[in-house]
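Let's take a walk through this model, starting with the overall build and ending in the loops. Keep the viewer open as you read.

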Amino acid sequence: MSARTLPLLFLNLGGEMLYILDQRLRAQSIPGEKARKDEWTDVDRKRVMNDIITTMFNKKFMEELFKPQELYSKKALRTVYDRLAHASIMRLNQASMDKLYDLMTMAFKYQVLLCPRPKDILLVTFNHLDAIKDFVRDSPGILNQVDETFRQLIETYSCLSAGEFQLIRQTLLIFFQDMHIRVSIFLKDKVQNSNGHFVLPISGPVPWGTEVPGLIRMFNRNGDEVKRTEFTTDGNYVTPQREGSFDLFGDRVLKLGTNMYSVSRPVETHISGSSKNLASHAKENITPNPLAKEELNFLARLLGGLEVKKPGGSETGFRLNLFTTDEEEEHAALTRPEELSYKVINIEATQEPGRRAELSRILGELEVAEPRPASSGKGEDLLALMDGL
């Protein structure tokens with residue numbers, strides 16, 4: 001596995017999370033002069049987006065993220081996104097957080113599968129960061145944080161070989177291989193089957209630097225071309241006009257990783273039967289993981305830099321519902337298969353050496369706290385994770 005995969009995985013999933021939250025916040029916002037105290041406004045939306053992006057691109061957080069390291073478990077990564085999603089006044093209950101994470105992971109999985117060449121995963125990442133910069137274009141300080149991460153990406157990945165990018169792509173596909181959650185947008189566009197598997201096209205642009213299939217050249221021992229044979233292909237291939245820009249600013253050409261929620265579209269997810277079966281096989285073993293100590297130290301370093309903003313004084317937190325109604329959200333929480341629901345680990349990510357040793361001991365036991373029941377009241381759906389961090 002590649003030790004350079006984690007930053008790309010985190011930034012792309014984070015970009016998809018911001019796309020979804022922005023779309024749902026816009027859908028539920030009320031004009032400021034008409035809104036009650038407990039209703040969303042566009043000012044609240046901008047505040048939430050700014051707070052999450054500020055936390056996501058925290059300098060110390062990015063420094064830890066870019067250190068060469070193996071990918072950690074889905075549970076560990078999910079814990080980081082739980083914390084990140086609650087870095088502002090917004091609150092998601094368990095069902096909405098599950099749905100958000102499903103949408104994030106399936107969208108990026110599809111983008112990785114469609115990348116014409118492994119190096120284009122970097123262009124997908126740049127598309128996400130370009131969109132994030134647009135979210136904070138009126139906040140120069142936050143914009144500078146994103147640009148700094150952009151420069152780190154260019155410095156870290158521009159010198160990697162094609163083989164190293166192929167290893168990164170394989171590492172990402174291994175991470176996603178057991179995730180087959182059906183998403184309404186993909187089903188309606190007929191790019192996903194009813195079993196949750198994606199439909200890959202056999203037509204379109206070929207990877208930059210390659211030729212359209214249909215010609216076989218034969219060479220002699222001296223390297224001279226001696227014969228050509230043409231053959232018919234089932235696909236309709238075209239040569240790309242230019243390569244996407246890998247600079248801080250430029251035309252990425254590739255559209256993968258851009259905001260597919262920029263037009264009004266539903267963001268429902270459906271759990272397929274095959275997903276339930278696969279998830280049960282992929283269920284984590286309760287036997288202590290030999291990498292548990294390192295994984296917890298990783299979480300302690302990362303989460304130590306993520307500050308959760310709790311409403312102060314008379315200010316109330318706002319609950320965001322990723323379902324159409326509260327009833328749908330409550331039903332999803334009750335009917336979601338247990339093996340697909342993520343438990344929440346209560347940990348304290350402090351920097352004290354004694355505490356760090358205690359955290360390592362605790363992870364061996366892996367005590368898991370059940371999430372609180374869903375509530376329909378504004379600001380009452382705090383994940384259990386927030387109590388321990």
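Helices here are DSSP runs of H or I with at least four residues, strands are E runs of at least two, and both are numbered from the N terminus. Counted that way, the protein has 14 helices and eight strands. Bear in mind that you're looking at a predicted model. Of the 389 residues in the protein, 48% are buried. Take the contacts between residues at least 6 apart in sequence, and 79% of them join residues at least 24 apart.

Now for the inside. The largest nonpolar core holds 76 residues, and the members touching the most others are Leu9, Phe10, Leu11, Met17, Tyr81 and Tyr157. Which helix gives the largest share of this core? That's α1, spanning residues 6-28, with twelve residues.

Next, a couple of other helices. An α-helix has 3.6 residues a turn, so residues three or four places apart point the same way. With that in mind, look at the buried residues of α7: Ile142, Val146, Asp147, Thr149, Phe150, Gln152, Leu153, Thr156 and Tyr157. Tyr157 you've already met among the core members with the most partners. What covers the buried residues of α7? The cover includes α1, α2, α3 (59-65), α6 and α8 (162-176).

One of those covering elements, α2, runs over residues 42-56 and passes the length check too: its 15 residues should span 21 Å, and its end C-alpha atoms are 21 Å apart. Its buried residues are Asp44, Arg45, Val48, Met49, Asn50, Asp51, Ile52, Ile53, Thr55 and Met56.

Let's move on to empty space. Rolling a probe the size of a water molecule over the atoms shows where empty space is left. The second largest pocket has a volume of about 680 Å³, and 29 residues line it. Nearest its centre are Leu114, Pro116, Pro205, Val206 and Leu254. The elements giving two or more residues to this lining are α5 (94-114), α6 (120-135) and β3 (204-205), with α5 supplying the largest share, three residues. By class, the lining has 18 nonpolar, five polar and six charged residues.

Gln241 sits 36 residues from Pro205 in sequence, yet their C-alpha atoms are 9.1 Å apart in space. Gln241 is in the loop between β6 and β7, and it counts as exposed because its relative accessibility is 74%, where the cut-off is over 50%.

That loop, from β6 (237-238) to β7 (269-270), also holds Val253. Most residues other than glycine have a negative phi. Val253, though, has a positive phi, near 65 degrees. Its relative accessible area is 30%, so it is partly exposed. Lys190 has a positive phi as well, near 60 degrees. You'll find Lys190 in the loop between α9 (184-188) and β3, where it is exposed, at 68% relative accessible area.

Methods:
Residues numbered from 1 in each chain as written. Predicted model: local features only at pLDDT ≥ 70, side-chain atom pairs only at ≥ 80, totals over all residues. Heavy atoms only, no water. Core = buried A, V, L, I, M, F, W, Y, C linked by side-chain atoms within 4.5 Å. Buried < 20%, exposed > 50% of the residue type's maximum accessible area, 1.4 Å probe, protein only. 1 Å grid on protein atoms, 1.4 Å probe; cavity = no way out; pocket = protein on both sides within 12 Å on 5 of 7 lines; lining within 4 Å. Points joined across faces, edges and corners; volume = space filled by probe spheres on them. Nonpolar A, V, L, I, M, F, W, Y, C, P; charged D, E, K, R; others polar. Expected span 1.5 Å × (residues − 1). Contact = heavy atoms within 4.5 Å.
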